[in-house]
Amino acid sequence: MVPRISAVRGEGGAAAGSGCRCELSTLSASPRASKSPQAAAAAAAAAAAASPRSLPAAAASSASIMAPHYQATTLIASPSYPNAITWSSENLVAVASGHIVTILNPAALDGPRGLVVLVPSNPFPIGAVNREDLFEPCLVPTCLSRDTEPCARSVSWSQQGFAPNSGCLLAVCSGDGRVNLYRPPIFEFGDNWVKVADISQLLFNYYQIINFREDDGPISFPQEAANNEQAPQEKLNSEHGQDTGYAGELQEPLSCKVLGRRKRKPTRVESYVYDEDEDGVGASKDADFSPNPCSRLSKGFMKKIVKPVDEMAVVIGEGGLQNTKEALSCNGENKLVPLITAKQYACRNAHLFSLVVAWSPVSPSHDTTSHWCILAVGSKSGDVSFWKIHKPEYYTIDVGTVNRDPIFVGVLQAHNSWVCTMSWEVTCASSSKSSLLLATGCLDGSVKIWSGDMKGLNQCTDVKEVPFSLLAEVTTNSSAPVSSISLSAPAQPQDEVNLAIGRVSGSLETWKLDLCNNKIENSSACHAHDRVVTGLSWGFDGHSLYSCSQDNSARCWILEKNQLEEVPVYTNFPELKESTDLSVVSDRCFGLTLAPGELIIAVVRSLDPNMLDPMYQARTQKAVVEFIWIGGQFLGIALHKNIHISSQQSVMLSETNFLWWGSNILWSLKKYEKGETGLVLWDVIATLQVLKKSSPIFLETLLHNWVSDLFSDDQQRVSLDILYQSRNDMMSKVSSRKLHLLNIICRKVMLSDNAQYSPGGENSTSVSTDLWNNLLVSSERELRERLVAFTFAAVLNRLSYFQKGTCAENMWFPVGVAQMYSWLSMNNGKVHNQLKSLCSTIKGLQSRIASVCEYSVEESCTYCSASVHFESPDVALCGSGDPVTSPAERHKLSRCMASMRLSSVLQPVWYCVCCEGMVDKLVPGTFFTMTTSPLQVNHDDELLYSAPVVPLCPFCGILLQRLMPEFLLSVSPV
């Protein structure tokens with residue numbers, strides 16, 4: 001018996017978007033699928049290499065039994081380059097799998113997928129060379145590049161908040177050197193992600209204006225010139241002609257008449273809109289981002305002038321320039337291309353040929369009205385270009401215009417050869433001394449760390465020089481090319497940064513950078529793998545390091561006392577779904593990535609065709625993505641002192657496993673309490689749900705400790721009895737983020753089996769359920785009171801501005817004030833006294849209130865126009881309740897969780913996947929970052945109500961989204 005992979009459903013072909021949904025099983029072996037002795041030996045060597053080399057004693061004892069993997073899914077194409085997988089901050093996994101980029105939801109691997117289909121792109125018209133120059137050595141790599149289906153070379157996610165729906169943008173670098181940005185199809189209802197910007201086109205515009213630095217001009221130039229496509233192309237060409245001469249007026253590089261052969265049509269790929277199809281019915285327009293920051297007229301002008309050609313180099317024959325126009329004109333459209341040397345052509349091509357992309361974290365700025373991140377693009381020439389992306393002015397799930405174009409920052413000459421890999425990090429993100437760091441790795445083996453000038457990046461429109469300076473350079477005797485790097489800035493100490501370097505030779509190095517004196521020292525080095533290191537990722541605040549290689553191994557390392565100690569990757573854990581050992585049926589690893597909660601890693605492997613059925617499997621199953629539990633082992637985090645293990649726990653885990661799982665889970669929850677990252681804790685919730693089924697007593701003990709710590713301070717620890725008795729008073733003293741975490745744990749873990757649960761209901765079946773039920777009810781009531789207080793305070797703040805004659809245009813406009821006032825009247829005896837006083841102030845405004853907010857008492861049913869009276873903040877029924885005046889059929893309507901108004905049924909509304917509520921009116925982001933109740937802060941603070949609104953659930957704090965059909969990809973934050 002050998003492990004095999006059986007397909008459940010799949011579609012072939014490049015555009016078969018959803019790929020194969022698969023389950024892993026064990027089938028009988030056929031002679032054709034039997035593994036060769038060499039492959040068996042390699043598998044045995046990989047298994048031996050995966051065994052622990054140097055472990056703590058407790059780690060070695062728990063690693064005696066290897067647990068099965070969590071879950072796996074196959075892909076229809078295999079990756080071709082290292083670092084081929086990345087996990088977004090909204091819980092989506094992107095895999096650079098051949099000629100497509102596959103986007104997965106880890107919570108629904110058998111469900112729908114998203115796709116980015118890469119199509120062949122013609123090169124830019126950078127110049128023409130003589131035919132005899134084609135034999136120059138510098139042009140050999142260029143002339144041999146003829147990919148009919150370019151592969152995805154590098155992928156990178158932005159942080160949350162940069163897509164129109166507040167999701168993540170995806171940057172994709174293809175094998176032909178092109179870089180594009182994509183957003184989710186929230187308006188189009190399809191599988192294919194929508195291209196919103198062509199970074200390579202913008203980079204070509206920049207180099208065209210400065211003549212590829214061949215005039216000894218300035219390296220950078222003002223921002224207006226970088227993003228301006230309206231510069232006359234004829235003027236640019238005339239400037240080129242004065243220096244290099246022209247090859248003539250061209251439209252096609254080779255004349256079919258002269259060469260005597262028919263022109264081959266370019267390959268057409270499904271779901272791609274071509275130039276000639278632009279006016280057709282099927283042409284799709286993206287209304288959210290403009291690919292190029294210029295007017296519509298300028299776009300058409302540039303599209304006509306810079307139409308792609310069909311060959312990489314324009315060749316000039318023996319006839320010379322006088323016959324070029326007749327020989328190289330095919331359809332009558334004129335275009336001038338400069339005649340350049342082979343060396344010039346190779347240099348220009350290297351500048352435009354991108355190899356790797358990497359998004360920076362969100363800018364560590366305390367200005368809540370301006371958030372941006374930087375996209376770094378490395379090229380063959382050793383340059384790194386930087387592009388600044390701002391968050392949209394507003395978020396929408398309906399068709400609209402959100403103009404946030406990439407802003408050119410500058411080009412940095414980082415290395416003298418290919419930039420192969422990059423990694424970003426923010427140091428001291430919560431302090432005023434924060435800085436942005438970028439590590440770059442090169443083909444010649446060099447690694448450098450750059451520091452970004454935050455002031456220069458904030459004012460990049462006036463920057464004359466690239467706002468990045470060299471901080472440190474790695475000095476080593478190894479000249480092996482760098483294949484993967486990873487940066488990590490531990491919370492303690494704050495003046496140190498960890499750098500991990502993986503090389504083509506299989507070696508792994510770790511370095512420590514001292515930010516006080518900018519000195520970097522080698523902390524450890526080892527021969528970690530037998531082949532190319534294809535993935536690196538720091539975890540648990542820089543205490544653990546994960547690596548994978550083309551030798552098909554994935555390993556975990558602990559950095560202890562400047563030494564790398566290996567621990568087993570696979571954790572003993574009672575998973576919900578078991579699968580086969582994928583190291584037997586796969587042959588190479590192409591990358592790994594860490595989940596947002598850092599309790600699961602995803603590894604992408606290419607499948608061994610010798611282990612697949614050649615008829616039914618090998619054609620459609622090329623690679624597999626496996627998700628592996630990593631939380632049940634020592635990962636450098638100290639054990640939690642208050643976790644007590646009962647003798648009645650599950651026999652599947654040892655006491656040590658329980659202690660590590662508990663400590664690592666509490667560490668992840670503590671990380672989310674700080675509020676520095678979005679609430680995307682799917683892997684934490686999945687772990688807790690498994691523990692609830694297998695070890696309910698341990699889970700109860702673990703979460704009781706967590707709740708006690710949640711409401712405790714540094715001086716005194718709060719017991720559960722005290723919390724239960726005075727929960728209403730204690731709720732007002734904690735941050736909104738902690739209340740959101742408590743709601744998520746209650747709903748998705750402790751009360752997930754109670755189908756009839758409703759806040760305030762009397763349907764608890766045990767003492768434990770009653771505890772979590774009351775905690776959830778108290779937490780939601782506290783959040784609702786905070787929301788009402790925040791809205792009322794915004795009304796009074798706007799009124800004060802109007803009385804002073806100050807413009808309040810940029811301030812949040814409150815809605816649903818009448819409905820909130822009705823809710824307070826119904827619950828007058830249960831709310832805080834400060835809120836009662838605030839309500840009396842709102843009542844005293846009388847007629848003036850309509851000038852500063854939306855105040856409408858009367859509401860009507862959208863279906864029958866009957867009146868709707870306020871009875872509940874969640875749902876409503878049309879009609880007054882009087883049988884004489886009520887309609888024959890009373891319609892049930894939902895209310896907005898943020899404003900308590902009736903939700904729209906004609907326009908799409910935001911949806912929360914945790915509490916399943918609807919939001920029609922978004923709330924400013926400052927509401928979610930408040931450390932205490934709004935009743936205890938200064939209501940005159942303008943920043944509280946001038947911050948941009950964000951699509952977050954007021955009661956769960958997770959990202960809201962558009963409710964999508966089941967056959968389309970959606971995100972699962974919890």
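These legends accompany several close-up views of a predicted model.

Residues are numbered from 1 along each chain as its sequence is written. Local features in this predicted model need pLDDT of at least 70 and side-chain atom pairs count only at pLDDT 80 or more, while totals for chains, interfaces and linings use all residues; side-chain values use heavy atoms, with hydrogens and water left out.

View 1. Let's start with the overview: the chain has 22 helices and 43 strands. Helices (H or I, at least four residues) and strands (E, at least two) are DSSP runs numbered from the N terminus. Of the 974 residues, 57% are buried, where buried means under 20% relative accessible area with a 1.4 Å probe, counting protein chains only. The accessible surface comes to about 40,700 Å², and carbon and sulfur atoms hold 50% of that area; the areas come from the Shrake-Rupley method with a 1.4 Å probe.

View 2. Two strands pair if DSSP finds at least two bridges between them, and strand 20 has eight bridges to strand 21 (residues 435-442). To find your way along this pair, look for S423, whose bridge partner in strand 21 is A439.

View 3. A nonpolar core is a set of buried Ala, Val, Leu, Ile, Met, Phe, Trp, Tyr and Cys residues joined through side-chain atoms within 4.5 Å. The largest one has 124 residues, and L170, L681, W706 and L742 have the most contacts inside it. Helix 19 (residues 767-804) gives the most to this core, with 10 residues. Contact means heavy atoms within 4.5 Å; leaving aside neighbours within four places in sequence, L170 touches residues including W157, Y182, W193 and W359. Another core, of 35 residues, lies apart from the largest one and includes C173, L352, W387 and V411.

**View 4. Helix 19 and the residue that follows.** Because 29 of its 38 residues are buried, helix 19 is largely enclosed by the rest of the structure. Just after helix 19 comes G805, with a positive phi of about 80°.

Conventions: Buried < 20%, exposed > 50% of the residue type's maximum accessible area, 1.4 Å probe, protein only.
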